[in-house]
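Subject: Structure handover

Hi,

Here is the structure I promised to pass on.

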Amino acid sequence: MISNSKPCMSCGKPLRGRSDKKFCDDYCRNNYNNQLKGADGKLMRNINNALRKNRNILQSVLPATEDTAKANKEKLVAKGFSFKYFTHQYQTKKGSIYYYCYDFGYLPLDNDWFLIVRQSEKE
Ligand SMILES: [Zn+2]
């Protein structure tokens with residue numbers, strides 16, 4: 001057997017055998033892959049939840065009968081809005097940037113006010 005100085009990527013024990021080995025055995029390999037999937041999955045779930053929550057908050061402040069509404073930052077934050085997360089941006093010809101959470105978006109106005117909009121189907 002050739003000794004191998006690299007540690008197992010899962011449990012950290014020194015590996016023995018072929019130099020291209022990354023894990024002691026299938027158990028360590030599965031463990032490692034599951035941990036990776038778990039962590040990624042959790043992060044993605046958290047982000048998706050934040051985006052969905054943002055979208056629902058925007059929807060809740062924009063009456064179905066209106067095209068736009070105004071809300072201040074305090075109100076949005078109190079509802080749990082997270083400005084860190086949005087799905088896409090839309091820049092108008094004048095240079096205003098709308099931030100969207102799926103089909104609802106906002107345009108930052110002066111003094112921590114926001115214009116809340118629904119994405120039109122044309123865009
Ligand atoms: Zn191992």
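Below is what I found, going from the overall layout down to single residues.

First of all, keep in mind that this is a predicted model.

**Overall layout**

The protein chain has two helices and seven strands, and along the sequence they come in the pattern β-β-α-β-α-β-β-β-β. The radius of gyration is 24 Å, whereas the globule rule gives 14 Å for 123 residues, so the chain is more spread out than a compact globule. You can see this in the box filled by the C-alpha atoms too, which is roughly 75 × 30 × 30 Å along the principal axes. Burial is at 15% of the 123 residues. As for contacts between residues at least 6 apart in sequence, 35% of them join residues at least 24 apart.

Helix α1 covers residues 26-61. Which ones are they? They are N54, I57 and L58, and the buried residues of α1 pack against α2 (73-78), β5 (97-101), β6 and β7.

**The sheet**

Five strands make up an open antiparallel sheet, in the order β3-β7-β6-β5-β4. At the edges sit β3 (68-72) and β4 (88-91), each of which pairs on one side only. On average, neighbouring strands in this sheet are turned by 30 degrees against each other, ignoring direction.

Y106 has I116 in β7 as its bridge partner, and P108 stands opposite F114 in β7. β3 is also joined to β7 by five bridges, again running antiparallel. Here, the bridge partner of A71 in β7 is F114.

**The core**

The largest nonpolar core holds 13 residues, and the members touching the most others are L58, L76, F104, Y106, F114 and I116. At least two residues each come from α1, β5, β6 and β7. Which strand supplies the largest share? That is β7, with three residues.

Setting aside neighbours within four places in sequence, L76 is in contact with I57, A71, F81 and F114. I57 is one of the buried residues of α1, and A71 is the residue whose bridge partner in β7 is F114.

The other is I116, which lies in strand β7. Why does I116 count as buried? There are 22 other C-beta atoms within 10 Å of its own, and the cut-off for buried is 20 or more. Not counting residues up to four places away in sequence, I116 touches L58, V61, L62, T68, A69, K70, A71, F104 and Y106.

**Loops with positive phi**

Most residues other than glycine have a negative phi, so here are the exceptions I would look at.

- Y102 is in the loop between β5 and β6. Its phi is near 60 degrees, a positive value in a residue other than glycine. Y102 counts as partly exposed, because it has 16 C-beta neighbours inside 10 Å.
- N111 is in the turn of the hairpin that β6 and β7 form, with four residues between the two strands. Its phi is positive, at about 55 degrees.
- D112 lies in the loop between β6 and β7. Phi is about 65 degrees for D112, which is not a glycine. With 13 C-beta neighbours inside 10 Å, D112 counts as partly exposed.

Best wishes

Key: Residues numbered from 1 in each chain as written. Predicted model: local features only at pLDDT ≥ 70, side-chain atom pairs only at ≥ 80, totals over all residues. Pairing = 2+ DSSP bridges. Axes fitted to C-alpha atoms, helices over the stretch in contact; angles between N-to-C directions. Expected span 1.5 Å × (residues − 1). Buried ≥ 20, exposed ≤ 12 C-beta atoms within 10 Å, placed from the backbone. Contact = placed C-beta atoms within 7 Å. Core = buried A, V, L, I, M, F, W, Y, C linked by C-beta atoms within 7 Å. Rg over C-alpha atoms; globule rule 2.2 N^0.38 Å.
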